[in-house]
Amino acid sequence: MTNFIIRRLIQNFITLIALSFICFSILALMPGDPVDLMMSANPKITTDDVARLKALYGLDQPIYMRYYNWMAQVVQGDLGYSRTYKVPVTEIIGPRLLNTFFLLTGALLLAIIVAIPLGVVAAVKSGSKLDYYINLMAFAGISIPSFWLALILIIVFSLNLGWFPAGGTETIGVNLTGFEYFLDRLKYMMLPILSLTIIQMGIFARYARSAMLETLKADYVRTARSKGISRIPVIMKHAFRNALIPIVTVIAINFSFIFSGAIITETIFSYQGVGKLVYDAILANDFNVAMVSFMISVGMVLFMSLVADLLYGFLDPRISYN
Amino acid sequence: MRKLILLIQAVFLMQLSMNTAMAKSTNKPTNKILKIGVAQEFENLNPLIMTMLTTTYLYKMANRTLVSMDHKGNWVPQIVKELPSLKNKKAVLKKGGKHGKYIVAHWEILENAKWGDGTPVTGHDVKFAWETAMLDTVTIGEKEVYTQITKIDIDEKNPKKFSFTYEKAKWDFSQLGTFYILPKHLEASVVKKHGKEPSGYEKNSKYTTDATNPGLYNGPYRIKEIKLGSHVELVPNKYFYGEKPKIQKIILRLISDTGTMEANLRSGEIDMISKIGLTFDQALVFEKKAKKNNWPYLAKFKPGLVYEHIDFNLRNEFLKDINVRKALALSVDRDKLTQALFSGRQQKAIHNVAPIDPWYTDNPKEIVLYKHSKRKARKLLKAAGWKINKEDGFRYKNGKRLSFQLMTTSGNRTREQVQSYLQNQWKKIGVEITIKNEPARVYFGETVHKAKYPAMAMYAWISSPENTPRATFHSKSIPSKKNNYSGQNSGGWKNKTVDDLIDKMDLEFNAKRRAEIASKILYHYTNEVPVYPLYYRSDISIIPKNLKGHKMTGTQFSATNTVEDWDLQ
Amino acid sequence: MSKDKNKNSNEDIEVSKTLFQLMREQFMEHTAAKYSLLIIVFLMVAALCAPLISKVTGISPDAQNIFNRYASPMTTNTLSEDEEESRVEEFIDSYPEEVRKIIAQIKSDDLAMSTLEDSTDDDLIFDFMATLKDPVSKQSWITKDNFSINYLLDIKESLTTFHLLGTDELGRDVAMRLLFGARISIGVGLLVSFASAIIGLLIGACAGYFGGILDSMLMRITDSLLSLPQLPLMIVFAAVDLGKIPYLNHFVGSENESVIKLITILCLFSWMTVARLVRSSVLVLKEQEFILAAKNLGASSYKIIMTHMVPNALGTLLVAVTINVGSAILSEAALSFLGLGIQPPIPSWGNMLLNAKEVIYESPALTFFPGLLIFIVVISFNFIGDGLQNSVNPKSIKR
């Protein structure tokens, strides 16, 4: 078990390093560094200014040297300095990470709470009208473009009905604490969560249904039924527990999809999260921020898949790690 | 499936019904709080290293500069008593120095100008800012405004009085709009400690580490809270030297998606949209809608100094021919373009000088005007040997198609619309336009900057009134590897007469004669069409109807320059 | 494809119906899939015929009319004078005979005054066209039924356009742009999923067949690509300028560069599921007798993979490809929506949405229809995938 975790961690670490180099090179190869940009915006900047600024930013060195310098810095715990905001990267990323964490957890929880029972019900009542509609809804969820959904949610719920704000993270200028603060945050998170979860709901419901169907057909369930154990306990105790294994995998794999979705959602709703930061930083060539936030998001996803593997073992004692 | 369609129809109906629905009855904003939406990021307010448009907008609420420009385009003193000039004897022309002549100008800071912690603003702060800006370790962009000054002397008896000694004599020496002042009493220790490390000062500056310190601000407001990428909260600065601000709290909120900006306005999340907000198209449609439904908002448009144009790359084998350029210029109806796309809210450009500039001329005796006529354009092209091929409708000469690549920034809706319009117009005279757009970073940083576009590049620049066009017209300003790509004459226009006129202009101290030289330059510019002028951009703001005292400027100085006059009645 | 299935089925299943027939029946039982297939076929035919439709209706997806921007659905517009001038010009160039007759008539009847100082005979036609603006004079010509003048009247007539779904920010016809957008969006979706299927097939087959280090290496790459957040990666890749890469320079035309780039990026990130599927089915097949027999008979690896393994994995592959089309269309739309995908003026549903987003409150129809089309197409492909899954899955086939 410990061996397995260590091996997976090492693997993840290597993947992370390799990706960081690839990403670093691509970002560095993108034409137009910040100094060039500054220069074209301001005709009064002279050639001397350019040389001076490039040396200050370290842009006059070859890529591998810059990567080495960057790595050395990161290892020492210095994540660097944002070119866009002109403050240390940690200062920006900290609160944003927390915001994204709230958003993702919220979305994931909602999707699980709604979708899995639906999937189970659909499987149990397989072939019925209810099953048919749940299936239809699941397909609709998978197929809807999330950004379009987000726009429509804004129109309906914030412009038309006025239930939720059209964008933002929290009410500015008021100091709320405790439960009120929580409610305020929830109000701003509602629409982003909704637009994020609908796709996940579709995926989860479908997997839950098919996993459940599979286990319901299994011999041990039939045996349990024939022993005279009533329907509900069989479903819950035997079938559902076994169906959980593929469901958990799907949730973990989907974590990266949710994260990708968060980029678009956060941008549309102006929600201050890491996803939006990654997008903005890459487009603005804010090197350090782009690298760090990208690495964090990749790390998060890799970590989730490790967690999923561990849960897997917990749920299914037949699997051994070696 | 049918149920699904019904569901979709329901959503659609809701969407349509919203169209007729009134704006949510939000409370009129009062002087208690004003929430402003901005669409672009901002940074901390350290003036030496700030580069973003939103930051300069924000900066003027919290800090003041020596001089500024009013909404009519005149230079005015801001935190100083008056502008030094040869006329009022506050500036003296002296002989000597490297360039033969130089200027000494005497300034005096307003008596009651104080930083937000009560410390008076003095010449020491000015000198400290100048010294800091000159440090090699500070990543300041535009250094020239500081380097043109060789010495600063402070009056020993009255530290509010100081004098600048300029390197050379220049008629525009007092136009120091981007000369910023730093609070020496707070920042001196930072510079002392970190000034020698690369970027050491800016990383440890109080503007970064302690941004809410009132002592950093001398304007009508001070920063109470700043969350990068989210919002800024400003409250009145009780030590402000001028009139007391009327609005008790201003919140600047970043909503980077311009599509949802309007939703935020109408659901009351923000009360107004700054000039860095809606796209032109959105503003136009919003205006129409607001009028029709009597919403409590006013859409304000102010013609500005931003000059949108297309640079022709004169190294291109077809664009070399002046007749081709003239035909291109003749065949687009720019009146129609500005009328249809901008409802006339942005003006057609006939050359690089904006109408609010004293140098502006539209006299057909002085310059060449191109009245739209596709027939004339076709004749010109025919005469130049370009024959229409019936099969594809494009013109050919020696087997080569008359085809150009038109480049611009991607993601700029208005430019993309204009681009499509031009493509369509030029197709009608048999000219093929292929489109390639790049993100601003690549486009400005590489393509335009190094003149790498094959034929045409559409972009804009802002120039303050009475600006010598040396960087854009002079043949020495053609960017090349040799001059390390400095200069913005990226099309590569070479005209000996224009070069001479520009050199002559620098030495001309008489305003009227300067204007005459300018119109001579404009003749050559319009006659040879090295650049195709499109339109001057306008600034747009959406403000609540009850906001008084908000003056749009159209220049690089924002309406926040007079934020203390803003009043929500 | 179906023929291969046919051949195999005859050998190992002894039933009166062929496997293909069974599959088709099974597929048709899936109602949603059946209708989805109809929708997709209809849309694809419409998209393929888009130029034809454009020609017949006389509405071009690029024809602008900037005085009629943001028109609401079901409106009629008149084109600008510019367009009129071009059409007359075209007429003058193509029918010199008729033109001479008309000019003669104009001259003899003194129908129009020349307005240009250096006017030629041709210019008279333009001036005459201007007089037709007056409805009274136009009506009089219609009643006169002059053969030559009728040409000009026809031109005048062709300037009126009807917009089923309204117009966009440049006064272009939305319905026609949606139709041409379908070519791009569905085209990109199909191309990406086929290309990525081929990549996945090769990688999966190699990994499964050869095993060992190659297998574990390929699968590591596959797994790590699968687990990565794709959108940030795509954004990074989309920001690279292909033209700046020396060797690619020649292949990239300026106009469609964004399309090629987008397809490349999407392919790069969508082959993994296929690779996994193919690998697992190859692993199963490898142990089957007929493969072992082929091996013992001395068949080369290439031959075994191509003639035995690939056809057998085709069923699962087909399902994966179909579902991939949907997700590729969604990804294209998402990237274009972020401004990183297909660049205007090429219409794609994604960038039409991006353009419409700004005026979503004023012209909701502009946002609504592209989104709806994306939704319908994606859901249809997903249903078809589901139907195919049912029909190729031997467990679900009722014999």
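**Labels and cut-offs**

Reply: A:Leu149 has its place in helix α7 (residues 146–160) of chain A; helices (H or I, at least four residues) and strands (E, at least two) are DSSP runs, numbered from the N terminus. This is a predicted model, in which local features need pLDDT of at least 70 and side-chain atom pairs count only at pLDDT 80 or more, while totals for chains, interfaces and linings use all residues. Residues are numbered from 1 along each chain as its sequence is written, and chains are lettered from A and ligands numbered from 1 in the order in which they are written.

Me: Why does A:Leu149 count as buried?

Reply: A residue is buried if 20 or more other C-beta atoms lie within 10 Å of its own, exposed if 12 or fewer, and partly exposed in between, with C-beta atoms placed from the backbone. A:Leu149 has 22 C-beta neighbours inside 10 Å, so A:Leu149 counts as buried.

Me: What does A:Leu149 touch, not counting residues up to four places away in sequence?

Reply: On that count A:Leu149 touches A:Ile144, A:Ser195 and A:Ile198; two residues are in contact if their C-beta atoms, placed from the backbone, lie within 7 Å. A:Leu149 and A:Thr265 are 116 residues apart along the chain, and their C-alpha atoms are separated by 9.8 Å.

Me: Why does A:Leu310 count as partly exposed?

Reply: A:Leu310, in helix α12 (residues 287–315) of chain A, has 16 C-beta neighbours inside 10 Å and therefore counts as partly exposed.

Me: What makes α5(A) and α11(A) oblique to each other?

Reply: Helix α5 (residues 89–124) and helix α11 (residues 274–284) of chain A pack at an angle of about 125°, with their axes 8 Å apart. Axes are lines fitted to C-alpha atoms, for helices over the stretch in contact, and angles run from 0 to 180 degrees between N-to-C directions. Angles under 35 degrees count as roughly parallel, over 145 as roughly antiparallel, 65 to 115 as roughly perpendicular and the rest as oblique. The pair α5(A) and α11(A) is therefore oblique.

Me: Which residues make the contact of α5(A) with α11(A)?

Reply: From α5(A) come A:Ile93, A:Arg96, A:Leu97 and A:Thr100, and from α11(A) come A:Val274, A:Gly275 and A:Leu277. By class these are four nonpolar, two polar and one charged. Here Ala, Val, Leu, Ile, Met, Phe, Trp, Tyr, Cys and Pro count as nonpolar, Asp, Glu, Lys and Arg as charged, and the others, Gly among them, as polar.

Me: How is chain A divided into domains?

Reply: Chain A has domain 1 (2–75) and domain 2 (89–315), with bounds that come from an automatic or database domain assignment. Their centres, taken over C-alpha atoms, are separated by 33 Å. The contact takes 12 residues from domain 1 of chain A and 11 residues from domain 2 of chain A. On the domain 1 side, helix α1 (residues 2–29) gives the most, with nine residues.

Me: Which members of the largest nonpolar core touch the most other members?

Reply: They are A:Phe204, A:Ala208, B:Met456 and B:Ile542, in a core of 325 residues. A nonpolar core is a set of buried Ala, Val, Leu, Ile, Met, Phe, Trp, Tyr and Cys residues joined through C-beta atoms within 7 Å. A second, separate core of nine residues includes C:Val88, C:Leu124, C:Phe128 and C:Leu152.

Me: How many residues does the contact of chain C with chain B take from each chain?

Reply: The contact takes 30 residues from chain C and 35 residues from chain B. The chain C side divides into 14 nonpolar, six polar and 10 charged residues.
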